[in-house]
Amino acid sequence: MLPGRPCRDCGTVHFTGDHSRFMETMPQDPVDMVDDLVKMGVYKQNQLRAADTVNTYELRKALFLKRVGRNDPKREKLILALCEQAGGLENAFAAAFGPQAGLFFADSVRNSGATRREFLKNMALGAALVTLASCAGGSEEPVAEETAAPIDTSNLEKTDIQVGFIPITCATPIIMSEPLGFYEKYGFNASVVKMPSWGAVRDSAIAGELDAYHMLAPMPIAMTLGLGSTAFGVKLASIENINGQAITVAQRHLGNVNGPEDFKGFVIGVPFPYSMHNLLLRYYLASGGLDPDVDVQIRPVPPPDSIAQLIAGDIDAMLMPDPFNQRAVYEEAGFIHLLTKDLWDGHPCCAFTASDDWITANPNSFRSLNKAIIEAAAYAQDPANRPEIASAISDRAFLNQPVEVVEAVLTGNFDDGQGNTLSVPDRIGFDPYPWQSFAKWISSQLVRWDLMGEGNTPETVSNSDIDQVGQEVFLTDLARELALELGEQPPFETDRPETLAFDNFDPTASADYVKGQVDQFGK
């Protein structure tokens, strides 16, 4: 066989004899093979243990896109393209192993008492496919460019898409996907539509005016349950941002506000009643002994109006999304008292959402649109891309803000209005994974503050009542599946314990958590 022709065994370009000689050096015993791979760092003991907890579909995805790809995006794309050319993951394994392919995919591997040796054997089969996919040697980049398949957009029910957004940095993945081409990559002729307020977003979604929306993370829960509006089914497809908010106080109060107790008597703006801003503000005030419904006045303020109200004296402080906290400093209208990451590092804020009706009518378009957003979020998460993104989304059509204000938020290098220049790289993050524990904490706080509706009080609500809400609204499993297809490494767990400034949230005991808060803080 001459160089330049594909190997008949693996399809890549090299001498067939090279392939055979390489395969002869592989251990014959599957357990030895896995042991070698552990020593080489391809598999680690904690990864083997983690594999026991995931289902067969997730396991094969993880092996292909992370273990095979070795955290190299180009390598991951190559492996995925090879699988697509084989007609799917099952066909790729069948081509490689013939009748033995079923050993890897059998449900009995995890569920019917398979021995550890059998489990390791199946892991070894996956490792052998790694060998077949990467035995060519030399530079991988030209091969990736030749074999990377274009994204199939032929099954999209709708390609002319409009996505509503509020002009804040929380919407970064939704906004940047238009100028930076993420929508186009997935086959959409998409435009983002600037909305004036969260109430307008809610009403537009109910009226079916646009296709998908940027919403505050609690909004899909509130809308689905009919809190503050007619009940209307909405799904939270992915989280837009984590952190990225702040408590900003009017400049006239500089030097007089040091902790939550100093907010007594203030009028404080939040963007919407069903927002993380409202819930986190209440959490903070209660820690200082204040009753948020008695000792302060919390007022809904559309984010674009917040600075004008701060300057006019209509509000004394605000817990708002950026860039309006940083813009208040820029205008010398206020100072940043506290970043919300200091109340709960990694907390969710905004989300990418669509109505149940739209998803049902356009399932393939919804899946691809969500995938574009998840990929954009991963791009935005890389600090090296933040200056480019700041320039792209500061435009008048999007945030309509000075680039230096947006860049200060995205890079975390900023002045706080109190004479300090700070560097907080994770001031805002873009992790799209919709943890069920997010939904449970949000629901627990809606109960705590009598926002969940009649009959849902701290005394009467149960853990199962709270758990059910997130399971209905947050599409955690789909977000994981799409992230794996993109070669990312999302969690396999759906819940995690959450560490906040004044307590810890156990998602298996949401109702008990609320009761404990009421006992400790009075509400």
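**Helix packing, cores and salt bridges**

Helices H22 and H25 are oblique to each other, where angles under 35 degrees count as roughly parallel, over 145 as roughly antiparallel, 65 to 115 as roughly perpendicular and the rest as oblique. The structure is a predicted model in which local features need pLDDT of at least 70 and side-chain atom pairs count only at pLDDT 80 or more, while totals for chains, interfaces and linings use all residues. Residues are numbered from 1 along each chain as its sequence is written, and side-chain values use heavy atoms, with hydrogens and water left out.

The chain has 25 helices and 16 strands; helices (H or I, at least four residues) and strands (E, at least two) are DSSP runs numbered from the N terminus. Of its 523 residues, 55% are buried. Here buried means under 20% relative accessible area, exposed means over 50%, and partly exposed lies in between (1.4 Å probe, protein chains only). Among contacts (heavy atoms within 4.5 Å) between residues at least 6 apart in sequence, 74% join residues at least 24 apart.

Two packed helices are described by the angle between their axes and the distance between the axes. For H22 (residues 436-448) and H25 (residues 510-521), the axes come within 9 Å and cross at roughly 45 degrees. Axes are lines fitted to C-alpha atoms, for helices over the stretch in contact, and angles run from 0 to 180 degrees between N-to-C directions. The crossing of H22 and H25 is right-handed; a crossing is left-handed if the near helix is turned anticlockwise from the far one by less than a right angle, and right-handed if clockwise. On the H22 side, Lys440, Trp441, Ser444, Gln445, Val447 and Arg448 take part, and they meet Ser510, Tyr513, Val514, Gln517 and Phe521 in H25.

Trp441 also belongs to the largest nonpolar core, which has 83 residues; Trp198, Phe263, Trp441, Ile442 and Leu446 have the most contacts inside it. A nonpolar core is a set of buried Ala, Val, Leu, Ile, Met, Phe, Trp, Tyr and Cys residues joined through side-chain atoms within 4.5 Å. Helix H15 (residues 276-287) supplies the largest share of this core, 8 residues. Once neighbours within four places in sequence are set aside, leucine 446 is in contact with Ile221, Leu227, Tyr274, Leu279, Leu451 and Met452. A second, separate core of 43 residues includes Ala171, Ala354, Ala372 and Leu399.

Side chains of opposite charge can pair when their charged atoms come close. The structure holds 17 salt bridges, each a side-chain nitrogen of Lys or Arg within 4 Å of a carboxyl oxygen of Asp or Glu. One of them joins arginine 252 to aspartate 316, with the closest N and O atoms 3.5 Å apart. Arginine 252 lies in the loop between strand S6 (245-250) and strand S7 (267-270), and aspartate 316 in the loop between helix H16 (306-312) and strand S9 (317-321), so the pair ties together parts that are 64 residues apart in sequence. Arginine 252 is partly exposed at 43% relative accessible area, whereas aspartate 316 is buried at 15%.

Another salt bridge links lysine 371 with glutamate 485, where the closest N and O atoms are 2.8 Å apart. Because lysine 371 lies in helix H19 (residues 363-381) and glutamate 485 in helix H24 (residues 476-485), this pair ties together parts that are 114 residues apart in sequence. Lysine 371 is buried, with a relative accessibility of 17%, and glutamate 485 is buried at 15%. Both belong to a network of salt bridges that links Arg367, Lys371, Glu481 and Glu485.

Lysine 341, in the loop between strand S10 (334-339) and strand S11 (350-355), forms a salt bridge with aspartate 345 (3.9 Å, N to O). Lysine 341 is buried at 13% relative accessibility, while aspartate 345 is partly exposed at 42%. Not counting residues up to four places away in sequence, lysine 341 touches Asn243, His347, Val424, Asp426 and Arg427.

A cis peptide bond, with omega about 15 degrees, joins aspartate 322 and proline 323; proline 323 is in the loop between S9 and helix H17 (324-330). Glutamate 332, in the loop between H17 and S10, has a positive phi near 60 degrees although the residue is other than glycine, and glutamate 332 is exposed at 66%. Aspartate 450 likewise has a positive phi, near 55 degrees, and is found in the loop between H22 and helix H23 (463-473).
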